[in-house]
Amino acid sequence: MSAQESVGPLRQKPQSIRKLRASIAERSQRAIDIAEGYYARIERFNPQINAYLALTRDQAMEQAAAIDAQAAKGDPLPLLAGIPIGVKDVLAMRGVPTTAGSRILEKYRPPYDATAVTRLRNAGAVLLGKLNCDEFAMGSSNENSAYGPVRNPVDLDRVPGGSSGGSAASVAADLAVATLGTDTGGSIRQPASFCGVVGVLPTYGRVSRYGLIAFASSLDRVGPFAASVQDAAEVLHVLAGHDSLDATSATQPVGDYVAAASQDVKGMRIGIPEEYFGEGLDPEVRAAVEAGIDALRAQGCEIRHIRLKHTQYAIPVYYLVATAEASANLARFDGVRFGYRSTSATNLSSMYKLSREEGFGAEVKRRILLGTYALSAGYYDAYYRKAQQVRRILAEEFCQAFGEVDAIVTPTAPTAAFRIGEKSDDPMAMYLADIYTVTASLAGICGLSVPCGTTTAGLPVGLQVLGPHFGESAIFRVAAAVERTAKSE
Amino acid sequence: MSAEVTIAEVERVAELANLELAAEEAVRMQRDLNAILGYVDQLRQIDTSQVEPMAQVGELFVANQADGRGESLRADVLRPSLQRADVMDSAPETDGAFFKTPKVIER
């Protein structure tokens, strides 16, 4: 099937969370019918997109029925009552396959729920299933999944971005109203950009990492995908807050993100960093982002040109810090307590090696090797320590910038979605797809990607809004203003 | 810092990481590691002699948290943890109480 034929029924915008919630509460729609409708769409379209790896139909229908019963009694409904939501397969769900896109966890069923999953359940969400992603969230195209690539619903020959490709694609194709993704170097924002949906990177510590299969613990974040800024704000409101099960979870109060998404932007100071508009930026992407900036100016923002001079060092810092942490985190996959164990091992040492060799894919091994190298005796100071020092410079540069502006606007990615196979043989080319997103990851600040237009080929372009630590309300305000203009065009 | 990584080094690192690479895999990893490390080399341009390494971003904003390093520790009190049976369900080989592995010490 060609991409063109399939675009019609594949691309569909979900109903808004607010409307769905109201219709369930006033009993004009039943949560069980909504859930059945989603499973019917998944059955029809998932074979083309490959977004879902596992469905949790029994649990979902049980939750939907409970919501309908609450509605029938006239009880007040929780914030996400009856809302169908998908979960990236790096987040633990009790008793449900949780593979992280890896063979090594093919049969793993965690004995507990991730905190983000618990919060969704408690808010009445109907959890549809688990979503495909790059193995251990390592990748920018979703081609590194052991369970096959996810295809972009806008054009099936193109990647959905990664690593949260399934999470972005399923919202774009209305196979979920919202989804959970994770972002270590851009894994929420870049696929949101490629698929034409909203994806939010919350401030480090804002959403608990408990139950997230760790890639790089000082960078990993959990955040929502949705079809609109308002819906993304609704889901983040449920996810955000302190959790004693995550030692890096923040105690700062949670803002009213939903209200922020409908506030105007008059008088906001928006920084435009020169370094994000240089060589390598596709001209069509640039034009769409500049149109978004013009829209912000027209709505009363003060546009300021700023410098973030160390931006070019972010990719090298990221690939040292992230791989060093990954090499330590992935040491736990040794075939002893959970996951795959090779059957051809004869002693303990060969069991470790063969289980890991047979269980991990090429990109995961590459990153473990790079991280182990950067941490090894004789190289630690030159690589890992150096990267941590430059990381501080990058973070402080952002803190300084946020003394002068309320938010920063950039492209989310240098190009629109590329073709499947286009970069899969060249790790360096693939890593450069993250050039505008890794900076916020390293600095711990919040960010999001909001659609701001399309290329002449019809591919979505995302505009990235970055905010200071715990500045989520500011980025929702700015994103909603971009969205208003993009919609009316 | 920019010296080429040799096959022997790739093998040494693989050993440290408990990975067993096939011969052709080692060649490919050598090529990729050299490409990435070559790119990473540009960090040498920055003078970091006066910069403290940053391990956690929490260092920047959580002066209000107990240890000032971006972490908050919970009170050390007993709480229920996961059930042993639930955990052992995931083990490749177990007798119900312990994880079983191939022989550790060869006699």
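**A walk through chains A and B**

With 18 C-beta neighbours inside 10 Å, Arg109(A) counts as partly exposed, because that count falls between the limits of 12 or fewer for exposed and 20 or more for buried. The model is predicted. Arg109(A) sits in the loop between β2 and α5 (115-122) of chain A. Leave out residues up to four places away in sequence, and Arg109(A) touches Gly95(A), Val96(A), Pro97(A), Thr98(A) and Ser90(B). Its C-alpha atom is 7.7 Å from that of Met93(A), which is 16 residues away in sequence.

The loop between β2 and α5 of chain A also holds Ala100(A). Phi of Ala100(A) is near 55 degrees, a positive value in a residue that is not glycine. Is Ala100(A) buried or exposed? Ala100(A) is buried, because 31 other C-beta atoms lie within 10 Å.

Now the contact with chain B. In total, 50 residues of chain B are in contact with 58 residues of chain A. On the chain B side, the elements giving two or more residues are α1 (7-16), α2 (23-40), α3 (58-61) and α4 (84-88) of chain B. The largest share of that side comes from α2(B), with 7 residues.

Step back to chain A as a whole. Chain A has 17 helices and 11 strands. Along the principal axes, the C-alpha atoms of chain A fill a box of roughly 65 × 55 × 50 Å. Of its 489 residues, 63% count as buried. Take the contacts in chain A between residues at least 6 apart in sequence: 76% of them join residues at least 24 apart.

Next, the helices. Start with α2 (residues 17-25) of chain A. Its buried residues are Ile17(A), Leu20(A), Arg21(A) and Ile24(A). They cover an arc of only 95 degrees around the axis, so they are on the same side of α2(A). What covers these buried residues? The cover includes α3, α4 and α8 (229-239) of chain A. Just after α2(A), Arg27(A) takes a positive phi of about 65 degrees.

Two of those covering elements also meet each other. The axes of α3 (residues 31-49) and α4 (residues 57-73) of chain A come within 7 Å and cross at roughly 155 degrees. Angles over 145 degrees count as roughly antiparallel, so α3(A) is roughly antiparallel to α4(A). From α3(A), the residues at the meeting are Ala31(A), Ile32(A), Ala35(A) and Tyr39(A). From α4(A) they are Arg57(A), Ala60(A), Met61(A), Ala64(A), Ala65(A), Ile67(A) and Asp68(A).

Asp75(A) lies in the loop between α4 and β2 (84-88) of chain A. Here the count of C-beta atoms is 12 within 10 Å, so Asp75(A) is exposed. The C-alpha atoms of Asp75(A) and Ala25(A) are separated by 8.6 Å, although the two residues are 50 apart along the chain.

Then there is α10 (residues 283-298) of chain A. The buried residues of α10(A) are Val285(A), Ala288(A), Val289(A), Gly292(A), Ala295(A) and Leu296(A). Seen down the axis, they fall within an arc of 105 degrees, so they line one face of α10(A). On the other side, Pro283(A), Asp294(A) and Ala298(A) are exposed. Just after α10(A), Gly300(A) takes a positive phi of about 100 degrees.

Two backbone details remain. The peptide bond from Gly162(A) to Ser163(A) is cis, with omega near 10 degrees. Ser163(A) is in the loop between β3 (126-131) and α6 (165-172) of chain A.

The other detail is at Phe470(A), in the loop between β11 (460-467) and α17 (472-488) of chain A. Phe470(A) is not a glycine, yet its phi is positive, about 65 degrees. With 21 C-beta neighbours inside 10 Å, Phe470(A) counts as buried.

Key:
Residues are numbered from 1 along each chain as its sequence is written. Chains are lettered from A and ligands numbered from 1 in the order in which they are written. This is a predicted model: local features need pLDDT of at least 70, side-chain atom pairs count only at pLDDT 80 or more; totals for chains, interfaces and linings use all residues. Helices (H or I, at least four residues) and strands (E, at least two) are DSSP runs, numbered from the N terminus. Two residues are in contact if their C-beta atoms, placed from the backbone, lie within 7 Å. The arc is that of the directions from the helix axis to the C-beta atoms. Axes are lines fitted to C-alpha atoms, for helices over the stretch in contact, and angles run from 0 to 180 degrees between N-to-C directions. Angles under 35 degrees count as roughly parallel, over 145 as roughly antiparallel, 65 to 115 as roughly perpendicular and the rest as oblique.
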